[in-house]
Amino acid sequence: MATSVSVKEEPDEAIDLETRFIELCQTYTDGITDEIIQQEFPQCNAKQRVTAINRLLSTGKVDLLKRGTKLVYKLKDPDAASQAKGSDNQEKLVYQIIKDAGNKGIWIRDIRYKCNLLLTQVNKILKNLESKKLIKAVKSVAASKKKVYMLYNLEPDRTVTGGAWYSDQDFESEFVEVLNQQCFKYLEQKAAIARENQVDPIAQRNAAFTSLSDVWKYISELGISKVQLSVDDIETIMDTLIYDGKVERSVTASSSTGEASSKLYRAIKPLVPTTGLMRMPCGSCPVFDQCCEGGPVSPTNCVYMKEWLEY
């Protein structure tokens with residue numbers, strides 16, 4: 001009788017350990033390492049832990065990932081499992097790595113590092129996943145010759161596509177210039193109306209200010225953009241006008257009623273000529289922070305820099 005009881009208890013203990021292991025994975029959504037498992041299950045020996053993990057891996061309830069030099073066990077996403085149905089374990093691993101990268105995507109070099117597979121294997125897996133329309137390759141403005149991979153149904157992040165200022169990886173300098181002119185024109189109109197309607201200089205100055213949302217609404221109604229511009233895009237344009245010395249910005253303080261502070265803008269006439277830095281293209285470039293050698297925008301291939309130097 002004693003022997004039959006011990007045989008019956010072993011599977012129950014194994015099932016209990018697997019259940020607790022899944023609950024632990026649910027707590028640590030980013031995955032758990034061997035160190036965490038040992039801390040949480042000190043009463044279990046190595047053989048018991050390995051048996052439980054292998055059973056969960058074989059039944060498809062847990063994924064095994066490599067993060068740096070450590071192995072990580074992560075609870076399998078049921079949606080990802082159904083999408084990658086019919087794929088082998090290597091394909092599922094690559095799919096999960098790409099999914100974790102989100103809409104910023106991931107380079108093939110980083111995929112190789114995380115999955116620890118050969119380049120030929122990774123290339124084959126990527127082609128298979130692309131043919132199934134589970135993932136897609138997107139060219140990044142940060143490196144024109146490199147592609148990042150992301151899930152097929154995701155909209156790429158603006159850091160990948162360059163946002164409204166890029167079209168097929170080309171910087172739309174003429175489009176930026178048109179937006180500069182139209183934003184400044186709107187502010188000049190506001191200033192002219194303020195001068196006509198107000199006698200007091202202080203009242204004229206205050207009436208000339210307009211909010212960022214009003215400028216954005218004006219540009220949107222003009223219909224000069226093929227893409228949907230955000231308020232942040234218009235703020236970038238307004239910043240270039242400030243650097244040119246054409247626009248002044250004022251920040252209103254938050255009120256006691258809880259209203260947040262807001263930015264107001266008005267057109268101004270510079271008292272002194274702008275400095276050399278502001279007259280050169282770099283002074284009014286909305287992608288100044290992305291300009292570097294080897295990047296999508298650089299002093300070497302900048303057409304406007306050459307024209308400015310020749311002038």
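User: Hi! What kind of model is this, and how many helices and strands are in the chain?
Analyst: Hello! The model is predicted, and its chain has 14 helices and 10 strands.

User: Let's talk pockets. How much space lies in the largest pocket?
Analyst: About 880 Å³. Its lining is made up of 32 residues.

User: Which of those lie nearest its centre?
Analyst: Phe171, Ser173, Pro281, Cys302 and Tyr304.

User: And which elements supply at least two residues of that lining?
Analyst: Those are β7 (170-171), α9 (173-197) and α14 (303-310). The largest share is from α9, with 6 residues.

User: Nice. How does the lining of the largest pocket split by class?
Analyst: There are 19 nonpolar residues, along with 7 polar and 6 charged ones.

User: What about the second largest pocket?
Analyst: That one holds about 480 Å³ of space and has 20 lining residues. Gly163, Ala164, Tyr166, Ser167 and Val227 are nearest the centre. Here the lining has 6 nonpolar, 7 polar and 7 charged residues.

User: Which elements give at least two residues there?
Analyst: α8 (158-161), β6 (166-167) and α9. So far, then, α9 has come up for the largest pocket and for the second largest pocket.

User: Changing topic: what share of the chain is buried?
Analyst: Buried residues are 34% of the 311 in the chain. The chain exposes about 19,700 Å², with 52% of that supplied by carbon and sulfur atoms.

User: And how about contacts between residues 24 or more positions apart?
Analyst: They account for 51% of the chain's contacts with a separation of 6 or more.

Conventions:
Residues numbered from 1 in each chain as written. Predicted model: local features only at pLDDT ≥ 70, side-chain atom pairs only at ≥ 80, totals over all residues. Heavy atoms only, no water. 1 Å grid on protein atoms, 1.4 Å probe; cavity = no way out; pocket = protein on both sides within 12 Å on 5 of 7 lines; lining within 4 Å. Points joined across faces, edges and corners; volume = space filled by probe spheres on them. Helix = DSSP H or I, 4+ residues; strand = E, 2+ residues; numbered from the N terminus. Nonpolar A, V, L, I, M, F, W, Y, C, P; charged D, E, K, R; others polar. Buried < 20%, exposed > 50% of the residue type's maximum accessible area, 1.4 Å probe, protein only. Contact = heavy atoms within 4.5 Å. Areas by Shrake-Rupley, 256 points an atom, 1.4 Å probe, with all protein chains shown as cover.
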